Amino acid sequence: MPRSARRPTPATIADTAEGRRLEAARRSPDWRRWGPYLSERQWGTVREDYSADGDAWAYLPHDHARSRAYRWGEDGIGGFGDDKTKLCLGLALWNGRDPFLKERLFGLTNPQGNHGEDVKELYYYLDGIPTHSYMRMLYKYPQGAFPYDDLIAENKRRGVGQPEYELLDTGLFDENRYFDVEIEYAKANGDDILMQVTVTNRAAEAAELHLLPQLWARNIWSWRPVKRRPLFTEIGPGTVRVTHPSLPEMQLVAEGDGTLLFCDNDTNTRRLSQTDALGYFKDGINDYVVGGDASAINPAREGTKLAVHHRLMVPAGGSAQVRLRLSAEAPQGDFDTVMAARRADADEFYAVVQRGIDDPDARRVQRQALAGLLWSKQFYQFDVPQWLAGDPDQPPPPASRLNGRDARWVHLNNADVILMPDTWEYPWYASWDLAFHCVTMALIDPEFAKDQLILLTREWYMHPNGQLPAYEWAFGDVNPPVHAWAAWRVYRMDRERNGGVGDRPFLERVFHKLMVNFTWWVNRKDSEGRNIFEGGFLGLDNIGIFDRSKPLPTGGEIRQSDGTAWMAMYTLNLMRIALELAEENPVYQDIATKFFEHFLYIADAMTRIGGEDLGLWDEADQFFYDVLNLPGGQRVPLRVRSMVGLIPLFAVEVIDGEMLDRLPDFAARLDWFLKHRPELAELVSRWTDKGRGERQLLSLLRGHRLKQLLRRMLDETEFLSDHGIRSLSKIHEQHPYVFEHAGQEFSVGYQPGVSASYLFGGNSNWRGPVWMPVNFLIIEALLEHHEYYGDDFKVECPVGSETYLSLKEVAGELSCRLARLFLRDDRGRRALHGDSERQQSDPAFRDHVLFHEYFHGDTGLGLGASHQTGWTALIALLLQPRSENNCPFVVEAPSAVGETKAE
């Protein structure tokens, strides 16, 4: 079937070929066993660091990666492997000029980059479906020598205030002297994997390329005794028998006249330690192809790593293709038929997912966002007790390790496929990133999304005290508690997809573990028992004047507006889950009441004015601020107008009257509590004044304060940009906030682009850019408030325009502004590509979209991690039209400009 062929669009995802595979995968893991589970970078990670000083970047640098066997995982270009990466497929390239094979992506370590860690390659995730039965990505490989040294030297020369020096800036792609390398995978069945590589020469002259598809076994034998090692053995022309002690025997068949080269996935101690060791090491194929060293490959034509070496002369503007197949049984169907069928399956699948999206560019952007999310699924293994103790066949780790990074997480033993934020810059999970990944993943694969949310609460992840692991560099750090929000949203999306039938066992299972986590938050982060939380860093990096994850230079502590608001949101999320569960089990009405009461106490602490004056709301500025409590008892509002003061918007829940009728015990307890504590009830809503459809509102913001806060947020001289809500008010551009203490001066100014300081490593910035996850939560919070207030509650948007919109229309306006980051404007330009004419205009670049970590607060230029297709993939939901089969909380743009009148 040709690529352009289209089948009639089925009614639902379940009616597609991929939908049927997903259903089969619920009963058996076969269709999920193989996928893009290799990271793009294993070197320079904490789990591979066995140094005495904890400098992971220096211990295993990029220059060692080709010669050193990894302990805990594998990496490769376009990698594809089983769900434990015991066997791995990937691609190596050589243009005849590089000093070594291109087997993995290059980038700068955190100390090398002028804004921290930074990948320096051009690659794009273009397509994929949830079972990975079809996957496609593109890598752009220069024909000139890759400028490793130039990239390091120039970025080192540039200061923190200068832009990063990127691969396109080197001139290496001038005159189109590069190859487009398209990597496709397809499955005929669960263990029948097809790999096709298509190389296109973009230059005006013919060029030679060494193309080497590779298969290797992850090294499981160098760390402890094993009874039997994997072995690859040539058994015929282009044919290899693949044996592994814990996998069925497989066979690899390579088409064409490529030469089979064998070595072993073992560390080259001869190169790295100047020993006289003998062997066919991990870099043997590199030494043979690049250095001409025939002694580096095994003449017996066997080993634990192999490559199929193709030497191609690709004509100007022409293409060449290489194919191989790895299967456990006799291949099912010929190569062309299977590959064409899987491409058609992908088209069929997205025809259903994207039904109602008329704009071809929006469909393209959404499909690439979802492809990037799927390509970011990685096998992650990290056994902290083993890492601390060392391996039997290796030297023991330094004693300092027992008191160093993650030493208190001795329960943590991970070995699972996980949705990563980014496969190069963040090839490890982060708890709050994962929550957003799951919400987007639920659009196409709710079962996997639910499994991921459960996974992080399992005993080999969650600390015995109830804390969720934050991220590999510091599991004990604190991310915002958004897991319950994600679980509830994924549950709703899955319920909508299944005709109103929700997965109660999933919801109940995650709820019980999150109650333990909630208790940890209350016991460990509310130090004075006042319902004011000092959450610490909370994922917002440099947003404040201090590093909030460390002791303050002033002494004392910060009572955090965002930490407290996140907890208010958490209580409402758990309350809503409990109410859902109470529909079938009345016992949960008691638990729902507990969280309702807890929310009111937090609201009291956040908003109280007068008396002891613990409130975080500043009446004069009509904004929420952090408050610094100094050792002598002095309280200092830290008047930084930032996302910290907008996060209270997120704590909102609307309860409809019909639910209260179905849950009489809960309703009775609410009435009793509100009757006896009316001062608390008045903080969050006019409980006796019901909104649309007999609805009740729980929110940290009653109508007046909500409008005052939105006047700040929707002001284009403050938070509102052309591309979403900034993380810091633009007012601080001319008026930085300055705090003085004991002769020291601390300040925060508006920085719309990359960070101008090295706080938190300098590789992300919350002092002005637009961040997708918090913008998404703002949109959702506006929609929730609209459910209560209805169309008659209007605010000026933008402030000063005399245009008044309902909160639903404001949410739609913000969705449109965020979409402008990715979609072509009337000049055909994408904001995220900035001033790069090649990326804006070149047909070979302009439709390949990156999903950056964050975006410039004024221009929309993509910044930070370039492939953060975890939470930035949320744009896929904002582009999705509402329908009975799709996400119930996405929105349309305003149908008109709103009402232009006095409010």
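Colleague: Which residue forms a salt bridge with Glu580, and how far apart are the closest N and O atoms?

Modeller: Arg576 is the partner, with the closest N and O atoms 3.9 Å apart. The cut-off for a salt bridge is 4 Å. Keep in mind that this is a predicted model.

Colleague: Where do Glu580 and Arg576 lie?

Modeller: Both sit in helix α14, residues 561-582. They are four residues apart, about one turn of the helix.

Colleague: Is the pair buried or exposed?

Modeller: Glu580 and Arg576 are both buried. The cut-off for buried is under 20% relative accessible area. Glu580 has 5% relative accessibility, so it counts as buried.

Colleague: What does Glu580 touch, leaving out residues up to four places away in sequence?

Modeller: Glu580 touches Trp488, Tyr491, Arg495, Arg504 and Leu507. With Arg495 there is also a polar contact: the two side chains are joined at 3.1 Å.

Colleague: How many salt bridges does the structure hold?

Modeller: It holds 69. Take Lys120 and Asp118 as another case. Their closest N and O atoms are 2.4 Å apart. Both residues are buried.

Colleague: Which parts does the salt bridge between Arg695 and Glu787 tie together?

Modeller: Start with the distance. The side chains of Arg695 and Glu787 meet at 3.6 Å, N to O. Arg695 belongs to strand β26 (residues 695-699) and Glu787 to helix α20 (residues 772-789), so the bridge ties together parts that are 92 residues apart in sequence.

Colleague: How does accessibility class Arg695, and how does it class Glu787?

Modeller: Arg695 counts as partly exposed because its relative accessibility is 21%. Glu787 is partly exposed too, with a relative accessible area of 30%.

Colleague: Which residues do salt bridges that share partners join into one network?

Modeller: The network takes in Glu23, Arg26, Arg27, Glu447, Lys450, Asp494 and Asp503.

Colleague: On to the backbone. What are most phi values and most peptide bonds like?

Modeller: Most residues other than glycine have a negative phi, and most peptide bonds are trans. That gives you two things to look for. Thr85 is not a glycine, yet its phi is positive, about 45 degrees. His132 is another non-glycine residue with a positive phi, near 60 degrees.

Colleague: Where do Thr85 and His132 lie?

Modeller: Thr85 is in the loop between β2 (77-82) and β3 (87-94). His132 is in the loop between β6 (122-128) and β7 (134-142). Thr85 counts as buried because its relative accessibility is 1%. For His132 the value is 0%, so it counts as buried as well.

Colleague: Which residues does the cis peptide bond link?

Modeller: The cis bond runs from Cys797 to Pro798, with omega near -10 degrees. Pro798 is found in the loop between β31 (794-796) and β32 (804-806).

Colleague: Now the sheets. How do strands of a sheet pair?

Modeller: They pair through backbone hydrogen bonds, either parallel or antiparallel.

Colleague: How many bridges pair β23 and β24?

Modeller: Four bridges pair them in the antiparallel sense, and β23 covers residues 626-629. Asp626 stands opposite Leu638 in β24.

Colleague: How many residues of β16 are buried?

Modeller: Eight of its 10 residues (305-314) are buried, so β16 is largely enclosed by the rest of the structure. Strand β10 (residues 207-217) runs antiparallel to β16, joined by eight bridges. There, Glu208 stands opposite Met313. Strand β14 (residues 259-263) is also antiparallel to β16, with five bridges. Phe262 has Leu306 as its bridge partner in β16.

Colleague: Last, what span should helix α21 have?

Modeller: At 1.5 Å a residue, its 13 residues (807-819) should span 18 Å. The end C-alpha atoms are 18 Å apart, which agrees. In α21, 11 of the 13 residues are buried, so the helix is largely enclosed by the rest of the structure. Among the buried ones are Leu807, Glu809, Glu813 and Arg817.

Notes
Residues are numbered from 1 along each chain as its sequence is written. This is a predicted model: local features need pLDDT of at least 70, side-chain atom pairs count only at pLDDT 80 or more; totals for chains, interfaces and linings use all residues. Side-chain values use heavy atoms; hydrogens and water are left out. Helices (H or I, at least four residues) and strands (E, at least two) are DSSP runs, numbered from the N terminus. Buried means under 20% relative accessible area, exposed over 50%, partly exposed in between (1.4 Å probe, protein chains only). Two strands pair if DSSP finds at least two bridges between them. A polar contact is a pair of N or O atoms within 3.5 Å; within protein, one must be able to donate a hydrogen and the other to accept it, and residues adjacent in sequence count only if both atoms are side-chain atoms. Contact means heavy atoms within 4.5 Å. The expected span of a helix is 1.5 Å times one less than its number of residues.
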